[in-house]
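Please consider the structure shown below.

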Protein chains: 2
Amino acid sequence: MRELIARIEPVDEAVRTSTAQLLDAKTKPRRSLGRLEDLAAQIAAVRGVVPAGLEAAIVVAAADHGVAAEGVSAYPQEVTAQMVLNFAAGGAAINVLARQAGARLIVVDAGVAVAVEHELVRPLRLGSGTGNLAVAPAMSVDLATKAVLAGAALSDELAASGVDAVGLGEMGIGNTTSASALVAALLGVEPQRVCGRGTGLDDDGVARKAATVARALAANDVDPDDPLAVLAALGGFEIALLVGVALGCAANRLVCVLDGFITGAAALVAGRIAPEAIGAMIASHRSTEPGHALVLEALDLAPVLDLGLRLGEGSGAALALPILRASIAVLNEMATFGDAGVTDAGR
Amino acid sequence: MRELIARIEPVDEAVRTSTAQLLDAKTKPRRSLGRLEDLAAQIAAVRGVVPAGLEAAIVVAAADHGVAAEGVSAYPQEVTAQMVLNFAAGGAAINVLARQAGARLIVVDAGVAVAVEHELVRPLRLGSGTGNLAVAPAMSVDLATKAVLAGAALSDELAASGVDAVGLGEMGIGNTTSASALVAALLGVEPQRVCGRGTGLDDDGVARKAATVARALAANDVDPDDPLAVLAALGGFEIALLVGVALGCAANRLVCVLDGFITGAAALVAGRIAPEAIGAMIASHRSTEPGHALVLEALDLAPVLDLGLRLGEGSGAALALPILRASIAVLNEMATFGDAGVTDAGR
């Protein structure tokens with residue numbers, strides 16, 4: 001873990017500045033492409049150079065959660081495995097959206113209750129679902145460490161394969177409860193402020209979820225300044241793996257494209273482990289989960305999209321990819337005032 | 001014109017409802033793709049059927065404006081023609097963004113001061129720039145009518161070529177002044193509330209623009225209930241042509257993807273001529289021009305993106321197209337709960 005953290009450096013601010021200057025020479029009023037220009041400059045700063053394009057992969061990590069026994073999801077636990085098979089068969093939303101975005105999809109079984117055997121599912125299992133975080137730690141610190149390092153190794157592999165950006169996605173019945181507990185613990189906020197409807201809870205369900213998170217915080221005496229201990233106590237296998245993917249992105253100078261609330265919680269943990277990892281992150285969208293706004297604020301990230309999404313799977317990350325790719329195409333393909341013989345008003 | 005208006009019918013609400021039901025059967029919590037689901041249902045309602053994909057074209061209409069003589073732009077008038085040649089050469093932002101979006105780009109000379117001769121520029125010239133709307137009508141009602149019908153004919157042609165969606169784009173030094181005058185007249189608001197920085201005016205420039213719009217409203221005694229007269233008095237050739245493209249989209253059941261403030265002003269005129277045309281419109285983004293918020297509110301359209309864009313050219317329309325296309329891919333390619341053997345919680 002120490003070795004991984006040591007590899008993470010700040011993004012290249014000189015490249016960010018030179019990229020912004022490059023954009024100022026293009027045939028458009030200065031800064032008239034707004035956020036698109038910021039994204040182009042950030043991507044170049046992360047990569048250390050203006051990339052030729054934006055090759056992307058999306059990692060969808062799935063796992064089960066002991067806390068599902070508390071009745072905190074609208075769906076039964078077997079849906080996790082069913083959805084992983086749906087990912088493998090190509091029928092889920094993220095399959096469609098990743099195809100549309102021209103992104104490779106990597107489906108990871110990080111610890112579904114019953115192992116999902118399929119040639120298109122990568123077995124990186126940390127166990128058969130976590131323990132019930134409402135009564136005891138979800139996993140040991142050793143297991144959390146192992147999960148993080150497995151995620152970072154996946155980023156190493158993606159970097160070696162020529163990817164520029166990695167989108168984070170997840171699936172796991174009960175994982176908004178785990179994410180809510182992580183966010184409540186790390187930000188020191190009341191469970192009621194963090195918990196939302198997840199995949200479709202009614203008011204009673206949301207109240208039950210908040211009470212479960214409160215029990216989890218009481219049962220696990222976690223030090224908010226020890227992010228790995230917090231992750232072990234309140235996390236999930238897929239979340240811990242995504243913490244590692246996020247850290248691995250930063251270590252490999254890959255752009256890390258967050259999805260919604262769950263991947264945001266993973267990003268928050270990653271940022272506590274290595275604050276400089278946050279510079280490589282782009283928030284693809286603002287989800288409807290109330291805790292997500294708190295996460296974005298804590299990470300100081302402005303979402304690219306705001307479409308009322310609450311699906312997860314990496315769906316928001318996939319939807320934002322064409323915009324990120326367009327920002328790089330503008331850098332590489334637009335003419336300058338000089339090239340095109342267009343009068344530059346200089347503003 | 002009467003014939004064109006008679007062809008415009010309301011979008012198919014039964015198809016909107018059946019499309020929403022189709023989405024509810026897909027393997028995701030109900031409504032968890034938020035706005036993406038609304039867009040899919042609207043596109044199907046406009047087309048009258050769930051389309052197989054989303055073939056798109058972007059029409060960029062360019063023209064010059066007599067009001068540029070009032071010093072209302074940060075750029076000199078010759079930039080209009082220079083940028084049209086940039087469009088033809090493929091070096092402008094809209095070229096890059098249309099390529100990224102897989103959309104055909106149609107560049108129209110609707111009345112640049114000096115005709116732009118290029119095989120990739122469609123000559124639909126209504127004149128060599130409009131008159132100065134600050135002192136007299138920009139064009140005659142006959143010319144405005146001719147421009148609208150030329151735009152509608154272009155939509156007819158695009159419909160015949162198999163396009164599902166048409167993005168609106170524009171270029172014309174001085175055209176935020178024309179758009180501001182149109183919006184102020186049609187919505188009955190003070191010029192100061194509508195006028196913004198355009199391509200880069202300073203505070204003095206914005207004040208000069210607002211004063212120019214006030215003079216235009218005084219010089220042209222326009223009846224806000226006669227949208228064609230308002231368009232002739234205060235519009236531009238490219239704006240009038242785009243009013244026609246918008247009406248032609250509705251007449252042909254094509255999705256009309258608006259860009260920013262200028263195309264919004266054209267959409268506002270189109271909506272006053274034929275209110276049912278608004279149902280075919282999608283607002284791609286919210287621009288930084290203050291008048292754009294007024295336009296979106298008047299049309300009751302929520303923007304898909306909010307990226308601080310203020311370029312025009314159809315750039316926001318191009319950036320939104322992948323999201324619209326993704327919404328249709330979700331409809332056509334996602335598995336249902338039944339297909340995939342996933343337990344449906346029914347919510």
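**Chain contacts and helix packing**

In this predicted model, 56 residues of chain B are in contact with 56 residues of chain A.

Q: What area is buried between chain B and chain A?
A: The size of an interface is often given as the accessible area lost when the parts come together. Carbon and sulfur atoms give 62% of the area buried between chain B and chain A. That buried area is about 4300 Å².

Q: What relation do chain B and chain A have?
A: Chain B is superposed on chain A by a rotation of 180 degrees, with 0.0 Å of shift along the axis and an RMSD of 0.0 Å. This is the relation of a two-fold axis.

Q: Through which surface do the copies meet?
A: Of the interface residues of chain B, 100% are also interface residues in chain A. The copies therefore meet through the same surface.

Q: Is α7(B) roughly parallel or oblique to α9(B)?
A: Helix α7 (residues 175–187) of chain B packs against helix α9 (residues 203–219) of chain B at an angle of about 55 degrees, with the axes 10 Å apart. Angles under 35 degrees count as roughly parallel, and 65 to 115 as roughly perpendicular. The angle therefore makes α7(B) relative to α9(B) oblique.

Methods
Residues numbered from 1 in each chain as written. Chains lettered and ligands numbered in written order. Predicted model: local features only at pLDDT ≥ 70, side-chain atom pairs only at ≥ 80, totals over all residues. Heavy atoms only, no water. Least-squares fit on C-alpha atoms with pLDDT ≥ 70 in both. Contact = heavy atoms within 4.5 Å. Axes fitted to C-alpha atoms, helices over the stretch in contact; angles between N-to-C directions. Helix = DSSP H or I, 4+ residues; strand = E, 2+ residues; numbered from the N terminus. Parallel < 35°, antiparallel > 145°, perpendicular 65-115°, else oblique. Buried area = accessible area lost by both parts, 1.4 Å probe.
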